[in-house]
Amino acid sequence: MQIPYNSFDGIHGEIHEELTSRFEQVLSKNCYIMGDEVFEFEKSFAEYIGVKYAVGCGNGLEALHLILRAMGIGEGDEVIVPSNTYIASALAVTYAGATPVFVEPDINTYNIDPKRIEEKITKKTKAIMVVHLYGRVCDMDAVSEIARKHNLPIVEDAAQAHGATYKGKKAGSFGIAAGFSFYPGKNLGALGDAGAVVTNDKGLAEKVAMLGNYGSKVKYRHEYKGFNSRLDEMQAAFLNVKLPRLDKWNARRKEIAARIIFEVKNPAVALPLANDDTYGSVWHIFAVRCKNRDALAAYLYENGIETLKHYPCPMHLQKAYAELNIQKGALPIAEEISDTELSIPVYYGMSDAQVDYLIEKLNGFNI
């Protein structure tokens, strides 16, 4: 049996006709930038997250960058960032002119460890960026308490957490603002790059919208030195087709994840924490850990199961951040996750037979 790491067949097979219809509608309108589809999606996505405003932009990295710029964060400032995340989280801070300060994760959740945040706060710290990694929301009660204590805003990187919940509230509704990515492989994915900023702060939303549109609110009148980062009309149309189905697609991911967690009994494979009344992960990535990670990956590949590694090199050891001069061993938890993490297939469209086979092979690994 073959199980790809991810497949769009299940999702796109259900909505092919609607996607085609929306494409033709946009094509016939001859309006491809900042049209009705974008405004419809912004309104619908804000309502879905449970916030007042959503502003479309080019991608998830630009969403975070625009938030920090709109907040006035820049040169000489520091932003707390988890050490275990995709590099876009740190790049957004760098693009704003500030410095990312890495805080280690909780090895059991992969998310930033609130107990380690305060020791990294300085007079230069201007925000705490949390990343709801793999589709699981951070411990927002603990992070929010620290933020209030030090009068620091929280910025959410929710690029992997579309529809994820913490105590019933959706990811993206906890901080001053949140950035989302609609990269095709996300739980809510466009058919190309796309992103959005969500917030309850009207002034921040307006500034983000202007910064993403060359610093302009009125055409040819520029209040800021802005950027070109706008949600494409065609991508917004595709997202408008997909958004009403997101909860259904996430429910299937949760069903598959629960089966793996409760049916895999192999002590060599460390499984993620199950969902409960507090945490409602949407399992964008189903991450296991194994001391013999590469052997597990090879074994699964030989049995027709594709896997990925998220992420094989932590940010502080990337050449791109060599100037921070953080040596190997300085952030051991992030390094351990990088050395042992393996992402296995969990997506809408997997058949029960494929799930059975995946569980069987995970239980059969004994190297």
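These are my notebook entries on what I looked up in this structure, which is a predicted model.

**Entry 1**

I began with empty space. Rolling a probe the size of a water molecule over the atoms shows where such space is left. The largest pocket came out at a volume of about 620 Å³. I counted 33 residues in the lining of this pocket, and the closest to its centre are Tyr86, Gln160, Tyr183, Lys186 and His284. Two helices, H3 (60-70) and H4 (88-95), each give at least two residues to the lining of the largest pocket. I then sorted the lining of the largest pocket by class and noted 19 nonpolar, ten polar and four charged residues.

The second largest pocket holds about 470 Å³ of space. Its lining has 23 residues, with Phe39, Glu42, Val55, Ala205 and Ala209 closest to the centre. I found that helix H2 (36-49), strand S1 (53-57), helix H6 (202-211) and strand S10 (216-218) each provide at least two residues of the lining of the second largest pocket. By class, I wrote down eleven nonpolar, five polar and seven charged residues for the lining of the second largest pocket.

**Entry 1: nonpolar cores**

Next I turned to the inside. Which residues touch the most other members of the largest nonpolar core? They are Phe41, Phe45, Ile117, Ile128 and Phe182, in a core of 44 residues. Helix H2, strands S3 (99-103), S4 (125-131), S8 (177-181) and S9 (195-199), and helices H5 (140-149) and H7 (233-242) each give two or more residues to this core. The most comes from H2, which gives six residues to this core.

Leaving out residues up to four places away in sequence, Ile117 touches Ile80, Val103, Ile112, Ile128, Val143 and Ile146.

**Entry 2: aromatic rings**

I looked at the rings next. A pair of aromatic rings is described by the distance of the centres and the angle of the planes. My count for this structure is 13 aromatic pairs. Phe102 and Tyr321 make one of them, edge-to-face, with 6.4 Å centre to centre and 90° between the planes. I was glad to check where these two sit: Phe102 is in strand S3, while Tyr321 is in the loop between helix H9 (293-302) and helix H10 (332-340), 219 residues apart. Both Phe102 and Tyr321 are buried.

I also noted the pair of Trp283 and Phe286, which is tilted, with 5.3 Å centre to centre and 35° between the planes. Are Trp283 and Phe286 buried or exposed? Trp283 has a relative accessible area of 5%, so it is buried. Phe286 has a relative accessible area of 1%, so it is buried as well. One aromatic cluster also went into the notebook: Phe41, Phe45, Tyr48, Phe180 and Phe182 form it.

Arg22 lies in helix H1 (residues 9-29). Why does Arg22 count as buried? Its relative accessible area is 19%, and buried means under 20%, so Arg22 is buried. With residues up to four places away in sequence not counted, Arg22 touches Glu37, Glu40, Ala237, Asn240 and Val241.

Asp36 lies in helix H2. Its relative accessible area is 55%, so I wrote Asp36 down as exposed. Asp36 touches Lys29 and Glu233, again not counting residues up to four places away in sequence. I also checked Asp36 against Ala236: they are 200 residues apart in sequence and 9.1 Å apart in space, C-alpha to C-alpha.

**Entry 3: backbone details**

Last, I went along the backbone. The peptide bond from His310 to Tyr311 is cis, with omega near 5°. I located Tyr311 in the loop between H9 and H10.

Which phi does Tyr220 have? Phi of Tyr220 is positive, about 70°, although Tyr220 is not a glycine. Tyr220 sits in the loop between S10 and strand S11 (221-222). With 62% relative accessibility, Tyr220 counts as exposed.

Trp283, from the tilted pair, came up again here. Its phi is near 55°, a positive value in a residue other than glycine. I found Trp283 in the loop between strand S12 (279-280) and strand S13 (286-289).

Notes. Residues numbered from 1 in each chain as written. Predicted model: local features only at pLDDT ≥ 70, side-chain atom pairs only at ≥ 80, totals over all residues. Heavy atoms only, no water. 1 Å grid on protein atoms, 1.4 Å probe; cavity = no way out; pocket = protein on both sides within 12 Å on 5 of 7 lines; lining within 4 Å. Points joined across faces, edges and corners; volume = space filled by probe spheres on them. Helix = DSSP H or I, 4+ residues; strand = E, 2+ residues; numbered from the N terminus. Nonpolar A, V, L, I, M, F, W, Y, C, P; charged D, E, K, R; others polar. Core = buried A, V, L, I, M, F, W, Y, C linked by side-chain atoms within 4.5 Å. Buried < 20%, exposed > 50% of the residue type's maximum accessible area, 1.4 Å probe, protein only. Contact = heavy atoms within 4.5 Å. Phe/Tyr/Trp six-rings, centres within 6.5 Å; stacked < 30°, edge-to-face > 60°.
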